[in-house]
Amino acid sequence: MYTGLVHAHSGLRWLALVLLLAAVFVSISRWQGQKSFTDGNRKLYLFTLISVHLQLVLGLILYFISPKVNFDGLANRVIRFYTVEHITIMLLAITLITVGYSRSKRATSDTQKHRLVGIFYGIGLGLILVGIPWAFRGLGAGN
Ligand code: HEM
């Protein structure tokens with residue numbers, strides 16, 4: 001079960017990244033072009049939110065079962081990354097994306113709806129890119 005979860009959590013990153021890139025691109029171009037807010041836009045922003053929440057659920061389970069999470073091993077760089085850095089950066093990113101979605105939903109003008117998603121999802125995407133244990137960082141992730 002542990003290995004399956006790590007694979008799912010690792011693979012799902014791509015879905016979340018593709019959706020985030022699409023949502024940020026669409027929202028910023030429609031904000032700048034002062035375009036209308038369509039059903040398709042709402043769906044894209046919602047599926048993006050769901051994909052990062054799915055990562056949150058998988059990540060939380062992993063946090064309790066992973067050997068790479070250990071508060072007694074913080075002197076080790078890899079252990080410290082997963083125990084402290086990865087979870088902190090990702091929780092912040094997912095919180096910002098959630099706030100952006102709900103503020104966009106409540107906003108009254110179409111331009112404002114796109115603007116809020118563009119800003120909050122954009123910052124969230126930047127944080128997620130920083131928080132991913134990419135192979136070149138040598139953090140023991142399978143990639
Ligand atoms: C969008 C958000 C997230 C992305 C894109 C992401 C991505 C990843 C990736 C690529 C790995 C490496 C998997 C591998 O070894 O191949 C990983 C590992 C891990 N993630 Fe996340 N993560 C996210 C959010 C979270 C959150 C919120 C938590 C905790 C609550 C979390 C906990 C973990 C843990 C514990 C591991 C280590 C698993 C292991 O190898 O034992 N992740 N994550």
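**The ligand site and its helices**

Modeller: The UniProt annotation "transmembrane region", taken from an unreviewed entry, covers residues 12–32, 44–66, 86–104 and 116–136. The model itself is predicted, and its coordinates can be set beside two of these annotated stretches. Residues 86–104 are 100% helix and 0% strand, with their end C-alpha atoms 27 Å apart.

I turn now to the ligand. The space that the ligand takes is the largest pocket of the model. A shell of 24 residues surrounds the ligand, and the closest of them are Y2, H9, S66, K68 and H86. Three helices, α1, α2 and α3, each supply at least two residues of this shell. Helix α2 gives the most, with six residues. By class, the shell is made up of 14 nonpolar, eight polar and two charged residues.

H9, which is among the closest residues, has a side-chain N or O atom 2.7 Å from a nitrogen atom of the ligand. K68, also among the closest residues, places a side-chain N or O atom 2.9 Å from an oxygen atom of the ligand. S10 contributes as well: a polar atom of its side chain lies 3.3 Å from an oxygen atom of the ligand.

Helix α1 spans residues 2–32 and helix α2 spans residues 39–65. The loop between α1 and α2 contains Q34. Phi of Q34 is near 50 degrees, a positive value in a residue other than glycine. With a relative accessible area of 62%, Q34 is exposed, because exposed means over 50% relative accessible area.

Helix α3 spans residues 77–106, and S104 is found in this helix. In contrast to Q34, which is exposed, S104 is buried, with a relative accessible area of 0%. S104 and V117 are 13 residues apart in sequence, while their C-alpha atoms are 6.3 Å apart in space.

Definitions and conventions:
Residues are numbered from 1 along each chain as its sequence is written. This is a predicted model: local features need pLDDT of at least 70, side-chain atom pairs count only at pLDDT 80 or more; totals for chains, interfaces and linings use all residues. Side-chain values use heavy atoms; hydrogens and water are left out. Helices (H or I, at least four residues) and strands (E, at least two) are DSSP runs, numbered from the N terminus. Buried means under 20% relative accessible area, exposed over 50%, partly exposed in between (1.4 Å probe, protein chains only). A residue is near a molecule or strand if one of its heavy atoms lies within 4 Å of it. A polar contact is a pair of N or O atoms within 3.5 Å; within protein, one must be able to donate a hydrogen and the other to accept it, and residues adjacent in sequence count only if both atoms are side-chain atoms. On a 1 Å grid over the protein atoms alone, a cavity is a set of points where a 1.4 Å probe fits but cannot get out, and a pocket is an open set with protein on both sides within 12 Å along at least five of seven lines; lining residues have an atom within 4 Å of a point. A molecule sits in a cavity or pocket if more than half of its atoms lie within 2 Å of its grid points. Ala, Val, Leu, Ile, Met, Phe, Trp, Tyr, Cys and Pro count as nonpolar, Asp, Glu, Lys and Arg as charged, and the others, Gly among them, as polar. UniProt positions are given in the numbering used here, feature names are shortened, and annotations may be inferred rather than shown by experiment.
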